[in-house]
Amino acid sequence: MNYAAVKRHPLLRSLLISLFSAILFLPFKDLKSSAILFAVLFICLSAISSVKNLQALPSLPKIKLAHPRFLRSASMPAGIIIFLAFPFFLKDYYLDVLIMSGIYMLLALGLNIIVGFTGLLNLGFAAFYAIGAYTYAIVNTKLGMDFWVAVPLSAGITALSGIALAIPALRLRGDYLAIVTLGFGEIVRLVLNNWDNLTNGPNGITGIARPSIFGTAIGKLNMYYYLVFIFVVIAAIIIRRVECSRIGRAWISIKENEIAASSIGINTTKYKLYAFAFGTFWAGIAGILFSSKMQFVSPESFTFMESVLILSMIIVGGLGNTYGAIAGAFILALLPEMLREVQSYRMLILGIALVLLMIFRPQGILGGFKRCTF
Amino acid sequence: MLLQQLINGLTLGGVYALIALGYTMVYGILELINFAHGEIYMLGAYLGIIFLGLFTVTGLTSVSLPLALFLTILLTIIVCSAYGFTMEKIAYKPLRNAPRLSPLISAIGVSIFLQNYVMLTQGATDKVFPQRFGDSGLQFLNVNMTYLQALIIIVSGVLMLSLHLFIQKTRMGKAMRATAQDKTMASLVGINVNSIISATFIIGAGLAAVAGIMVASYYGLVNYYIGYIAGIKAFTAAVLGGIGNIPGAMLGGIILGLVESAGAAYISSEYKDAYAFIILIVILLIKPAGILGKTTEEKV
């Protein structure tokens with residue numbers, strides 16, 4: 001039997017695939033688990049192929065998320081009300097997870113400006129998150145600066161560092177820019193790890209103050225939840241406004257075609273700088289919220305994996321879509337918690353989920369750019 | 001001292017270069033940053049330990065150590081290549097025409113999967129390489145070059161040279177170069193683009209597998225997360241030399257290894273991992289397409 005015939009015969013094909021996988025698995029585990037894998041795979045694959053030709057699998061019908069007009073206009077307020085109600089019936093543990101997902105939403109919103117709107121791939125976004133978090137940690141523990149004074153300071157310093165990176169780096173294009181941002185992220189993490197006098201090295205900074213409103217410290221989680229919630233809503237509104245303004249249109253035109261954009265008079269370097277400054281600004285806000293919530297920062301929280309996670313969030317949600325960034329952050333921050341039942345397998349499942357999502361819905365859950373209604 | 005650092009740097013650089021070749025070949029053809037490539041290297045390190053452990057248990061190492069080592073390397077290359085092949089078929093092939101960042105996320109998914117796959121099957125603790133090679137070696141000019149270092153430098157040199165010859169002289173290599181230039185045109189002249197892409201992944205994974213075994217034997221310890229930092233550095237090396245450019249990846253890897261060991265010896269070992277990125281940023285700012293990369297005019 002020749003190769004083509006093997007390919008066409010579904011049962012033989014699934015037999016070969018499962019045998020192949022089992023052999024690949026064998027060196028890592030014993031014969032027994034390999035045999036189980038073979039049996040399970042063979043049954044699953046032949047079941048799938050008998051229902052439907054395996055070739056058709058990658059082109060499953062695309063999931064349409066088109067709601068009726070009413071649902072679409074009602075989903076936003078309904079979502080806000082549900083989020084506002086959460087602290088009344090959720091346990092502290094889940095509130096904690098939701099607060100973290102709120103911080104991730106801010107990060108995703110910021111990164112979405114740089115990657116989603118302007119098309120500049122950034123693989124070191126956690127560095128800006130770290131700069132924001134450490135700025136507050138340092139000015140608070142060393143100078144005793146108040147949270148509310150530190151918010152503009154942290155965000156401002158982070159945005160400045162974004163500009164400082166962007167000025168030289170914007171001469172580079174595409175993946176070269178990406179790798180420089182990656183390098184910047186690693187350098188920042190290493191500096192935080194080794195500059196013992198200022199950052200206390202790998203031990204991190206402890207005893208960071210919680211924010212206070214009218215003299216009373218926000219100690220309870222539900223108060224903190226609302227604080228983060230307000231920041232996310234404000235960020236989403238402002239970003240949506242900017243996205244639909246002249247600046248936002250300039251960003252999107254740079255992403256679509258840089259040469260065309262510059263030929264209609266857009267100063268691409270200037271707008272790219274704006275994107276970096278504005279995007280990293282939100283990372284600074286997320287950073288200060290993170291360090292004031294945890295009351296502790298250490299370089300371990302700002303690894304390359306964190307940058308990758310934030311990038312995955314905006315791509316899962318739909319690159320260039322502000323609501324998509326929020327949805328993606330929500331899903332990816334909660335997914336590991338939802339998979340708690342299967343503890344050790346959760347990261348494994350996350351990996352598989354990312355691959356499957358990209359295969360079946362490469363444009364992300366909410367799809368690409370959401371049109372502005374001018 | 002300087003010569004000693006040169007040798008340490010070459011050893012490290014040879015390993016980086018072997019991994020960087022996988023990145024650069026895939027990038028040259030698919031314009032994809034294959035983030036999971038570092039994990040293939042990690043799989044190689046583990047498989048080396050597993051197979052050599054198996055041969056130690058069955059007694060083959062005591063009969064003939066070179067034969068056991070040879071079989072270990074051969075089996076590891078085969079299995080790693082199979083992993084590379086499968087990875088491409090499952091995670092990248094369905095995404096050929098997807099938006100540019102989708103395969104990147106898919107690659108990240110594969111990377112997370114493989115890390116946890118190895119952690120779950122092999123445990124989270126360090127694995128020890130079953131064979132110690134000791135510190136004995138060649139002594140010259142106040143310098144100690146262990147046999148293992150010499151072996152690593154020779155093996156990586158030979159592999160790079162043969163890859164270069166393969167790409168430049170064989171029919172398959174020519175087809176690869178054609179595919180890297182223009183996929184559509186290559187398929188028009190009768191090149192099976194899909195099998196070329198598979199071959200690229202297989203070769204890249206094989207080279208990474210060798211790098212994995214060499215590192216496992218050099219440091220004696222491996223862990224399931226070694227693929228990540230080695231992957232980043234190797235990718236940096238590929239970009240340093242000019243991504244998509246095969247001699248560039250070799251040069252980039254060696255420069256990176258030299259800079260890292262010299263920096264760790266003369267400046268401060270705390271910032272060991274940062275030198276690679278500092279040199280990268282400096283070089284890219286002077287020459288934005290990498291050392292050997294060609295600056296391409298943008299097409300309108």
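Guide: Of the contacts in chain A with a separation of 6 or more, 77% are between residues 24 or more positions apart, where two residues are in contact if their C-beta atoms, placed from the backbone, lie within 7 Å. This is a predicted model, in which local features need pLDDT of at least 70 and side-chain atom pairs count only at pLDDT 80 or more, while totals for chains, interfaces and linings use all residues. Residues are numbered from 1 along each chain as its sequence is written, and chains are lettered from A and ligands numbered from 1 in the order in which they are written.

The secondary structure of chain A comes to 16 helices and four strands; helices (H or I, at least four residues) and strands (E, at least two) are DSSP runs, numbered from the N terminus. Of the 374 residues of chain A, 41% count as buried, a residue being buried if 20 or more other C-beta atoms lie within 10 Å of its own, exposed if 12 or fewer, and partly exposed in between, with C-beta atoms placed from the backbone.

As for confidence, chain A has a mean pLDDT of 84, with 90% of its residues at 70 or more; pLDDT is the predictor's confidence in each residue, from 0 to 100. Where pLDDT is low, the predicted coordinates should not be read in detail. Chain B averages 86, and 97% of its residues score at least 70, while the model scores ipTM 0.84 and pTM 0.83.

Now to the helix pair in chain A. The axes of helix α2 (residues 10-25) and helix α3 (residues 31-51) of chain A come within 8 Å and cross at roughly 155°; axes are lines fitted to C-alpha atoms, for helices over the stretch in contact, and angles run from 0 to 180 degrees between N-to-C directions. α2(A) and α3(A) are therefore roughly antiparallel to each other, since angles under 35 degrees count as roughly parallel, over 145 as roughly antiparallel, 65 to 115 as roughly perpendicular and the rest as oblique. Residues that make the contact include A:Leu11, A:Leu15, A:Ser18, A:Ala22 and A:Phe25 of α2(A), and A:Leu37, A:Phe38, A:Leu41, A:Phe42 and A:Leu45 of α3(A). By class, this contact of α2(A) with α3(A) has 12 nonpolar, seven polar and one charged residues; Ala, Val, Leu, Ile, Met, Phe, Trp, Tyr, Cys and Pro count as nonpolar, Asp, Glu, Lys and Arg as charged, and the others, Gly among them, as polar.

A pair in chain B can be set beside it. Helix α6 (residues 147-169) and helix α11 (residues 246-266) of chain B have axes that come within 10 Å and cross at roughly 165°, so α6(B) and α11(B) are roughly antiparallel to each other. The crossing of α6(B) and α11(B) is left-handed. B:Met160, B:Leu163, B:His164 and B:Ile167 of α6(B) make the contact with B:Ile246, B:Pro247 and B:Met250 of α11(B), and by class that contact has six nonpolar, one polar and no charged residues.

Also in chain B, B:Ala238 lies in helix α10 (residues 226-241) and counts as buried because it has 35 C-beta neighbours inside 10 Å. Leaving aside neighbours within four places in sequence, B:Ala238 is in contact with residues including B:Ala20, B:Tyr23, B:Ile243 and B:Gly252.

The surroundings also include the side where the chains meet: 36 residues of chain A are in contact with 45 residues of chain B. On chain A, the elements giving two or more residues to that side are α8 (174-194), α14 (304-317) and α16, with α8(A) giving the most, at 10 residues. The residues on this side of chain A divide into 26 nonpolar, six polar and four charged.

Technical notes: A crossing is left-handed if the near helix is turned anticlockwise from the far one by less than a right angle, and right-handed if clockwise.
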